[in-house]
Amino acid sequence: NSYNQEIVIGIRKYNESLRMGTFSKGMKKEEKKLLIQTILNNQRQNEDGMIYIDPGICVEVSFRTIENGQLIDASFSTFKFDMVWEQCTWESLILNNTSVSQDVTFTNLDKVIWEDLLIRKEGLLSYLCEISSYMLPFLRERILTTIRYPNGIKGESFFQKNCPDYAPSFIQTIEKEGTHFIVCDDISTLLWLGNQLAVEFHIPFQTIHEESPLEIVFDLDPPSRAHFSLAIKAAVEMKRIFDGLGIVSFPKLSGSKGIQIHIPISNLPLSYSDTRIFTSFISNYLIEQFPDDFTIERFKKNRGGRLYIDYVQHAEGKTLICPYSTRGKEDATVAAPLYWDEVNDNLKIKTFNIPFVLN
């Protein structure tokens, strides 16, 4: 900035340059003079008191915190002549400034996980960092099943329930029927799993301390994304029923091809047998009202293009995708919670990908 000689800081985020603050402190007089002269000599645009250059000068700065994507109280530390500007990424900034156990190490950060959006492993880990305060409350005190993609989502994947022998000592586990499930209660565990390329996080409906469900969930599963309008219709009809009964409900994109409706019941002493009466009634009622659109037929070949209302999945021992979990889909979609006013004909699953959810 030519008026007060503040230096604008930029960083690379999802292959675009992002402005994220300024600094004017921390530089020696000669350093600042040299930097400003270099900027003047290489300017490509001078507009409204701002001088712009192409990316190329890398510096290290200290700062107090990050608020709304901006560095607060940034101060110059040193030039980084050994770096190229493409290495100055938002993802590395987040990872380098997240406090985790010393037993967590990040490896192969350049590995591409989602080719279509060019999101690398570093991008997955930084997403988990940024979303952790929203995601961890759903993971805490629940046994975890992950789906890992060691070679990216276009490669082979596998379910992992049992904690591997090489897991660090801070990883908490609980044994159930011979399986040592991981319990992800903190960001260190979440990021360790992310470094193992756990892309999907699936959880049961109850905690490790309970036998009864904390919530009821309806899974509205259309034949394909091309039939997503059926999921919107089913969700809207369910909302109408629940509102009439005074039941609070929350919609969530599955991140795959449908919508899931969550009803909290932690304050009610209901067993899975009790909830099955309710879920069965609601599902059958909707099918009676819209027999050409919805079905509870479990065999896909017999559904005839109708949306499957999956209430059978809501049972002890079953799991569902965790809110805010990434999905192993080519467009890097997320199992994103929604507001009800977002559930309309303009809703698209592919909109809610990693970059969109973080913004």
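Buried means under 20% relative accessible area, exposed means over 50%, and partly exposed lies in between (1.4 Å probe, protein chains only). By that scale F281 is exposed, at 54% relative accessibility.

This is a predicted model: local features need pLDDT of at least 70, side-chain atom pairs count only at pLDDT 80 or more, and totals for chains, interfaces and linings use all residues. Residues are numbered from 1 along each chain as its sequence is written, and side-chain values use heavy atoms, with hydrogens and water left out.

**Aromatic rings**

- Rings of Phe, Tyr and Trp (its six-membered ring) pair if their centres lie within 6.5 Å; planes under 30 degrees apart count as stacked, over 60 as edge-to-face and the rest as tilted.
- The count by this rule is 12 aromatic pairs.
- One of them is stacked: F281 and Y285 lie 6.4 Å apart, centre to centre, with 20 degrees between the planes.
- F281 and Y285 are 4 residues apart in helix α6 (residues 272–289), so about one helical turn separates them. Helices are DSSP runs of H or I with at least four residues, strands are runs of E with at least two, and both are numbered from the N terminus.
- Y285 is partly exposed, at 29% relative accessibility.
- Elsewhere, ring pairs link F23, F76, F79 and F81 into a cluster.

**Charges over rings**

- A charge sits over a ring if NZ of Lys or CZ of Arg is within 6 Å of the ring centre and within 35 degrees of the ring normal.
- K13 places its charged end over the ring of W90, 4.4 Å from the centre.

**Helix α3**

- Helix α3 covers residues 121–139 and spans only 21 Å between its end C-alpha atoms.
- A straight helix of 19 residues would span 27 Å at 1.5 Å a residue. The expected span is 1.5 Å times one less than the number of residues.
- α3 has a kink of about 75 degrees, centred on S132. The bend at a residue is the angle between axes fitted to the seven residues ending there and the seven starting there.
- In α3, 14 of the 19 residues are buried, so the rest of the structure largely encloses this helix.
- Just after α3, E141 has a positive phi of about 60 degrees.

**Strands and sheets**

- Two strands pair if DSSP finds at least two bridges between them.
- Strands β3 (residues 43–47) and β4 (residues 50–53) run antiparallel and are joined by 4 bridges.
- E47 stands opposite M50 in β4.
- β3 and β4 form a hairpin with 2 residues between them. D48 in the turn has a positive phi of about 55 degrees.
- An open sheet of 5 strands has mixed pairing and the order β17-β18-β16-β20-β19.
- β17 (250–253) and β19 (294–295) stand at the edges with a single partner strand each, so one side of each has no neighbour in the sheet.
- β16 (residues 215–221) pairs with β20 (residues 307–310) in the antiparallel sense, over 3 bridges.
- D221 has Y308 in β20 as its bridge partner.

**Cysteines**

- The whole structure holds 0 disulfides, a disulfide being a pair of cysteine sulfur atoms within 2.5 Å.
- The sulfur of C184 is 8.7 Å from the closest cysteine sulfur, in C322, which is too far for a bond.
- C184 is buried, with a relative accessible area of 1%.
- C322 is buried too, at 0% relative accessibility.
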